[in-house]
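I opened the file to look up a few local features and note them down. The entries follow in the order in which I took them.

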Amino acid sequence: MHKPDVAGFHDPRTGSIQYVVACPVTGKCAIIDPVLDFDEKSGSTATTNADRLLAHVEKHGLSIEWILDTHPHADHFSAAPYIKARTGAPTAIGEYVCQVQEIWRDIYNLPDLTCDGSQWDRLFRHGETLSIGEMNVRVMHSPGHTLASVTYVVGDAAFIHDTLFMPDSGSARADFPGGSATSLWHSIQDILSLPDDTRLFTGHDYRPGGRPALWHSSVAQQKAENPYLAGQSESDFVAQRETRDRTLPMPKLMLHALQVNIRGGELPPAEENGRRYLKIPLDALSGAVWGS
Ligand SMILES: [Fe+2]
């Protein structure tokens, strides 16, 4: 079995982890979940994170075969189009992104949005495989956090995005439109059925207690140490997850990010003055946490 070379890049602003996953034999690689920087206060975008990934690729003499997203993110813009423009590599995501597009097309009222996933070069079905150099990648549908989420299993590594975080941080939330705590439980069980020494690479780390950012655990470690799993039944997990989710405010960039990410990361088209604008629906979502 191949052991891919994995480099993780933590974005402190969003807590996202971006990966460069390389075949040690051929130097071919995939980028997973690249971030396009966005400052909501000024409306500025930047490519600092994506350029770090490209600099790593160049420094190590790698060549990019795939630009993969695990799901349409609610906390950052995908930099997939930027990296594609720079490298020509194809973009891909799970096939159920089409259903996510439909949900958000209605919320944003974007009747012209094509909801067939054609914004990506390839859509993956559950169980489908692709290759990075000499390594096979298996795609597992892992719904729950979003209904389109997928896990990429590459040799002894799995990129599990927003299912489990580090063991001290529990699991991802499951209360976004199309989310389901029950589905998330089953997706987590699929991940935990991988060999115990499988390296698990998570999609976020929020540095609880101010510890350094971490993103690498194992199946055995998650089973033993994650309080959302150890000794928990499905109904325990679902009850705990749903209770917790009711206390969480929506991610501050969700309404900014989804309208971009359902377009495959393309920013909205420029208006006649050459400027692009985001669209924020009012009172479309319940679940505001107003505080007291
Ligand atoms: Fe996410």
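Entry 1, a helix pair. I began with α4 and α6, which are oblique to each other; the oblique class is what remains once angles under 35 degrees (roughly parallel), over 145 (roughly antiparallel) and 65 to 115 (roughly perpendicular) are taken out. I read an angle of about 130° between α4 (residues 181–192) and α6 (residues 234–245), with the axes 9 Å apart. Axes here are lines fitted to C-alpha atoms, for helices over the stretch in contact, and angles run from 0 to 180 degrees between N-to-C directions. Helices (H or I, at least four residues) and strands (E, at least two) are DSSP runs numbered from the N terminus.

I noted the crossing of α4 past α6 as right-handed, the term for a near helix turned clockwise from the far one by less than a right angle, anticlockwise being left-handed. On the α4 side I listed Ala181, Thr182, Leu184, Trp185, His186 and Ile188, which meet Glu234, Phe237, Val238, Arg241 and Glu242 of α6; contact means heavy atoms within 4.5 Å. By class, I have six nonpolar, two polar and three charged residues in this contact. Nonpolar covers Ala, Val, Leu, Ile, Met, Phe, Trp, Tyr, Cys and Pro, charged covers Asp, Glu, Lys and Arg, and the others, Gly among them, are polar.

I am working with a predicted model, in which local features need pLDDT of at least 70 and side-chain atom pairs count only at pLDDT 80 or more, while totals for chains, interfaces and linings use all residues. I number residues from 1 along each chain as its sequence is written, and side-chain values use heavy atoms, with hydrogens and water left out.

I found α1 (residues 48–59) packed on α2 (residues 80–87) at an angle of about 40°, with axes 10 Å apart. I therefore put α1 and α2 down as oblique to each other. α1 passes α2 in a right-handed crossing. Ala50, Asp51, Leu53 and Leu54 of α1 make the contact with Tyr82, Ile83, Arg86 and Thr87 of α2. I recorded five nonpolar, one polar and two charged residues there.

His71 sits in the loop between β6 (63–68) and β7 (77–78), and His145, 74 residues apart from it, in the loop between β11 (135–141) and β12 (150–154). His71 is buried at 1% relative accessible area, and His145 is buried at 5%. Buried means under 20%, exposed over 50%, and partly exposed in between (1.4 Å probe, protein chains only).

I noted a positive phi of about 55° at Asn109, which is not a glycine. Asn109 lies in the loop between α3 (97–108) and β9 (122–124) and is exposed at 52%. Arg207 also has a positive phi of about 55°; I placed Arg207 in the loop between β14 (199–202) and β15 (216–218), partly exposed at 37%.
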